[in-house]
Every structure is written in C-alpha cells, then in structure tokens.
Amino acid sequence: KQWYQRRERVPWSVEFKDYKPSNYTSPKVLNKPVWADADIEKDKKVVLKFNKVDGKVNRKSHVGEYNVVNGIPLNVTGRTGITGRGLLGKWGPNHAADPVVTRWKHNDKGEKVINPKTKKPILQFVSIKRNDTGEWAIPGGMVEAGDSVSATLKKEFGEEALNTMKMEKKQQAEVGKQVKELFKKGNVLYKGYVDDPRNTDNAWMETVAVNYHDHKGTFHKFKLQAGDDAGHVEWVDMDSNLKLYASHSYFVMGAAKVNDAHW
C-alpha cells in the first residue's frame with residue numbers, strides 16, 4: 001500500500017497493474033458552488049475543453065499538454081493515490097497566484113540588519129497564517145474565471161494581507177493605488193505544478209509566484225491586517241529554517257536569491 005513512497009511508480013509511463021486509488025471529491029465541491037466544475041464522472045453530457053482556454057476558464061497547464069482518458073484529465077506529473085477532485089473545484093489544473101511581497105529588515109537607526117553568519121542583509125516577507133491548516137503561507141489565492149494572474153496577485157494580497165474588503169471606500173481606493181504601484185514590476189520566481197496536499201490524479205494545483213520588492217517603503221504607511229481567509233498576518237524574516245505551507249518555502253527561497261539576501 002506504500003507505493004507512493006516509491007517515486008518510480010508515480011509516472012503514468014510506468015506500468016502499475018496493482019494501482020487501486022481511492023476516489024474522493026469533497027461534498028462541498030459536489031454541491032456545485034460557482035467555482036467548481038460539473039461532475040463529469042457522472043454527467044457524461046458535460047464536455048470540458050481540456051488543454052485549452054474553455055470560455056473564461058484556463059484549462060491549459062504551465063507544464064505542457066496533459067493526457068485525457070475517457071474524458072477525464074490525468075495529473076500532469078503522475079499518480080497521487082486519489083482519483084476525483086478531492087477539495088479542488090476544477091478538473092485538471094487549478095490555477096493560483098502567489099505574491100511574495102518583500103522589504104529589507106531595518107534596525108532602529110534605519111540600517112539594514114545583516115545576518116552574522118551569511119553576512120547578507122535579512123529580507124522580510126508578508127506571511128499569513130491559514131485558517132484551514134494553521135500553517136504560515138504566502139497570501140495568494142485561486143485565479144477566478146475571467147481574471148488574469150496579475151489581477152489575482154493584487155486582489156489576493158489586498159484581501160488577505162490588508163483586509164481591503166473591510167475598508168471604507170476612500171481608504172480602499174488609496175490602498176489599491178499603492179498596491180498597484182508596488183505591483184507594477186515583479187520578478188517571476190516560479191511558474192508550474194505545485195506539490196500540494198490537495199492534488200489528485202485528476203485535479204491539481206499550479207501557480208505563478210511573483211516577487212514584488214518594496215523599494216520605496218510603501219507598506220510602512222499601512223498596517224497589515226488579516227482578511228477573512230487568514231488567521232494572522234505579519235512581516236516574517238526569511239530564513240532556511242522556515243516551515244511554510246505546500247511549496248511556499250521554495251518560492252520564498254527564490255525571492256531571497258533574487259535579492260541576494262540571507263537564507
């Protein structure tokens with residue numbers, strides 16, 4: 001039963017006659033919320049256009065073309081041990097966007113704080129504590145149908161790290177203006193498949209992680225405030241000992257390298 005510990009059995013190209021995965025799709029997904037696809041395992045009349053932009057839904061994978069067998073997409077990287085959609089709404093790739101917003105850590109004199117071991121300046125990033133798992137994470141989110149990745153990056157950061165949904169309209173407009181300015185130029189850290197606990201054989205997470213560095217001290221003007229999906233939000237020092245949700249440590253490490261900061 002511990003087949004998943006043997007990485008050579010993950011690829012679809014490797015024959016595995018005894019592979020008998022469990023099938024699971026969350027009742028929340030099966031209740032047909034607006035963000036979820038139809039249950040094409042049961043409703044054969046519904047035809048989704050995989051490997052294409054299907055109306056407002058992008059069903060293309062950042063990794064490349066994936067196989068579709070009997071109308072059901074197969075995970076672009078291989079077996080997971082679970083079929084169905086699990087907790088994910090879309091069959092095939094479920095696209096997310098993760099903004100890694102950073103600033104230099106300064107002391108009381110306004111000087112950059114240097115790590116004594118690596119002799120490099122310490123970078124801080126905005127991190128949220130997820131309500132669902134209790135883990136620290138980047139304040140990202142799902143790319144909704146019809147939205148672009150860039151729009152999602154700005155929206156999710158505003159909602160999860162600044163709680164813009166609860167602001168007065170005037171303050172919301174001012175904060176939105178500053179976020180837009182900060183998000184004008186970013187470095188793409190990663191674009192592709194995410195090793196996420198929600199992945200199944202037929203539905204999986206992909207993301208675009210982008211680093212936005214606060215060169216001008218824009219966010220010293222604002223108080224970080226957790227939105228509805230986050231339990232807490234704060235500036236966290238980047239360090240190799242950090243334990244973050246899913247692949248987020250990898251993205252944060254990328255931001256440290258891009259900015260030649262301590263890790």
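The side chains of K120 and D260 meet in a salt bridge at 2.9 Å, N to O. A salt bridge here is a side-chain nitrogen of Lys or Arg within 4 Å of a carboxyl oxygen of Asp or Glu. K120 sits in the loop between β7 and β8 and D260 in the segment after α4, so the pair ties together parts that are 140 residues apart in sequence. K120 is partly exposed, with a relative accessible area of 32%. D260 is also partly exposed, at 48%. The classes are buried (under 20% relative accessible area), exposed (over 50%) and partly exposed in between, with a 1.4 Å probe and protein chains only. Helices (H or I, at least four residues) and strands (E, at least two) are DSSP runs, numbered from the N terminus.

This is a predicted model: local features need pLDDT of at least 70, side-chain atom pairs count only at pLDDT 80 or more, and totals for chains, interfaces and linings use all residues. Residues are numbered from 1 along each chain as its sequence is written, and side-chain values use heavy atoms, with hydrogens and water left out.

**Salt bridges**

The count comes to eleven salt bridges. Three of them are tabulated here, including the pair above.

| Pair | N to O distance |
|---|---|
| K120 and D260 | 2.9 Å |
| R59 and D37 | 2.9 Å |
| K17 and E15 | 3.8 Å |

The side chains of R59 and D37 meet at 2.9 Å. R59 lies in the loop between β3 (57-58) and β4 (68-69), D37 in the loop between α1 (27-30) and β2 (53-54), so this pair ties together parts that are 22 residues apart in sequence. Both R59 and D37 are buried. A network of salt bridges links D37, D54 and R59. By contrast, K17 and E15 are both exposed.

**Nonpolar cores**

A nonpolar core is a set of buried Ala, Val, Leu, Ile, Met, Phe, Trp, Tyr and Cys residues joined through side-chain atoms within 4.5 Å. The largest core has 24 residues, of which V101, V126, F157, L162, F183 and F219 touch the most other members. Two or more residues come from each of β7, β8 (123-130), α2 (149-161), α3 (169-182), β12 and β13. Leaving out residues up to four places away in sequence, F157 touches P99, V101, V126, P139, L162, F183 and F219. Contact means heavy atoms within 4.5 Å. A second, separate core holds 15 residues, among them F125, V252, A255 and A261. In soluble globular proteins, nonpolar side chains tend to be buried together.

**Two buried polar sites**

H213 is in strand β12 (residues 203-213). H213 counts as buried, at 10% relative accessibility. Its side chain makes a polar contact with the side chain of T102 at 2.8 Å. A polar contact is a pair of N or O atoms within 3.5 Å; within protein, one must be able to donate a hydrogen and the other to accept it, and residues adjacent in sequence count only if both atoms are side-chain atoms. Beyond four places in sequence, H213 touches T102, R103, W104, L123, L182 and N259.

S247 lies in the loop between β13 (230-237) and α4 (248-258). S247 is buried, with a relative accessible area of 15%. Apart from neighbours within four places in sequence, S247 is in contact with V194 and D195.
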